[in-house]
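Subject: Structure for you to look at

Hello,

Here is the structure I said I would pass on. Please open it first, then read the notes below it.

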Number of protein chains: 4
Amino acid sequence: MNEKVLQKWTTQRYMTIPSLLLKHYKDLHLKEDELVILLHIQSFLDEGELFPTADLISERMNISSSLCSNMIGRLLKYQFVSIEKQCDDNGIIYEMLTLEPLWIKLIDVLKGEQIQQSEMSKQQEEG
Amino acid sequence: MNEKVLQKWTTQRYMTIPSLLLKHYKDLHLKEDELVILLHIQSFLDEGELFPTADLISERMNISSSLCSNMIGRLLKYQFVSIEKQCDDNGIIYEMLTLEPLWIKLIDVLKGEQIQQSEMSKQQEEG
Amino acid sequence: MNEKVLQKWTTQRYMTIPSLLLKHYKDLHLKEDELVILLHIQSFLDEGELFPTADLISERMNISSSLCSNMIGRLLKYQFVSIEKQCDDNGIIYEMLTLEPLWIKLIDVLKGEQIQQSEMSKQQEEG
Amino acid sequence: MNEKVLQKWTTQRYMTIPSLLLKHYKDLHLKEDELVILLHIQSFLDEGELFPTADLISERMNISSSLCSNMIGRLLKYQFVSIEKQCDDNGIIYEMLTLEPLWIKLIDVLKGEQIQQSEMSKQQEEG
């Protein structure tokens, strides 16, 4: 492996995703290609591309830009992603995508599990 | 957010994905649902489940176990995943899945890019 | 780079550290070598070594086992780490270290920041 | 936990570090506080701060800016970090810190291990 390739590999960015996302995206009624779109969004955000377009995302995917656009629309509608207004140091307002609603949904799944477990142990104690 | 949920969130495992995988899986002719299977395999390996079955993986996906099994077969055939023999401390041999061939393919993509770039700069110099 | 080295590099485990920990460990009155001990504990937990000893940890560090043991004692005393009782599938109870108290402390720092910010913006509005 | 704190926690950046670094920094003759400086540099690079100063780094540490400056000097001298010239889209040249030499050193440790292992198995076969 030559030096340039080695350099590119070792200094590349790594994406970090909560293992709970992989375990529970199905419970959130997300399809596999929707999950991948969410990962692409996270990846662009990590790179500093704060409002990745359907064009940008679909270039890395096996789907057309217009299908990608529809799917992002659905992710926005069902609140897996949202658009956030931010203000930069010069007071200029800009918009960015955020996956915060996805994390909230995932935490809600955990809360649901938590309630079920408490109820099950209560029933067992009472049983 | 109650304590148990907070605990589950903060102490969960995080998966680490090379950003180059997200950028280049399409160049490797991987579909989105195949990418997701690879991520599930990585996730199970991280958890210490060294030979996750199609049953296990498909439970977390929107596909049937038999379709998942076919897809894993294809990933093995085209060498995105392979089966590795390991020997434990007691000399007992066991098999595990490994994504090593995927990383090698990804590095090959980088090498290809690298060659193209050198050739382009050579042509520019000669041009 | 030969194949075995490449394999070891690409298939290695990656540790995931919340960036908030690096930003705020000083606010939690943690010294650098205490931070490193906490990272080692996290690393061992990731590997499935659930109760890493001072011997194990100090082998990877530039400190003696007894100094390491004292430092872990201090981290336990001031609740950056705690010992958790778990029960395995066969009903056998075992103990493990957990960094959960560290994450709680870190979240408390965020809460403090949050309160300060709200108060500052209130004062600005009132001012 | 209120919403703002939850948001800050879930959408925070995560740092990814090779587990091999934690296992082998001692073999590279790095002290714990030097390791932490390297982690801070990585963290700033991830945030897009490409040439973090000793002032910036020491603010997050329990050491003075001048001591931090000395330590960074040593890390540069012994080539754990280096300064790289980059060219932006407008042709303007800027400098950034890179941890690439650290990764190369780490890979060299793996190569050394690899050689030792081959020799040991050769001796065992011959023995």
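Over all chains, the structure holds 6 aromatic pairs. Such a pair means rings of Phe, Tyr or Trp (its six-membered ring) with centres within 6.5 Å; planes under 30 degrees apart count as stacked, over 60 as edge-to-face and the rest as tilted.

This is a predicted model, in which local features need pLDDT of at least 70 and side-chain atom pairs count only at pLDDT 80 or more, while totals for chains, interfaces and linings use all residues. Residues are numbered from 1 along each chain as its sequence is written, chains are lettered from A and ligands numbered from 1 in the order in which they are written, and side-chain values use heavy atoms, without hydrogens and water.

Rings also meet charges. In chain A, the charged end of K105(A) sits over the ring of F80(A), 5.0 Å from the ring centre. In chain B, K105(B) has its charged end over the ring of F80(B), with 5.0 Å to the centre. "Over" here requires NZ of Lys or CZ of Arg within 6 Å of the ring centre and within 35 degrees of the ring normal.

Next, chain A against chain B. Each of these two chains brings 42 residues to the contact (heavy atoms within 4.5 Å). The buried area is about 3,900 Å², with 66% from carbon and sulfur atoms; this is the accessible area (1.4 Å probe) that two parts lose on being put together, summed over both. W9(A), L22(A) and N62(A) supply 16% of what chain A buries against chain B, more than any other three residues. The interface of chain A and chain B has 2 salt bridges, where a side-chain nitrogen of Lys or Arg is within 4 Å of a carboxyl oxygen of Asp or Glu. K23(A) and E47(B) form a salt bridge at 3.8 Å, N to O.

And what is there between chain A and chain C? The contact takes 6 residues from each of chain A and chain C. About 520 Å² is buried between them, 73% of it on carbon and sulfur atoms. The number of salt bridges across this interface is 0.

Regards
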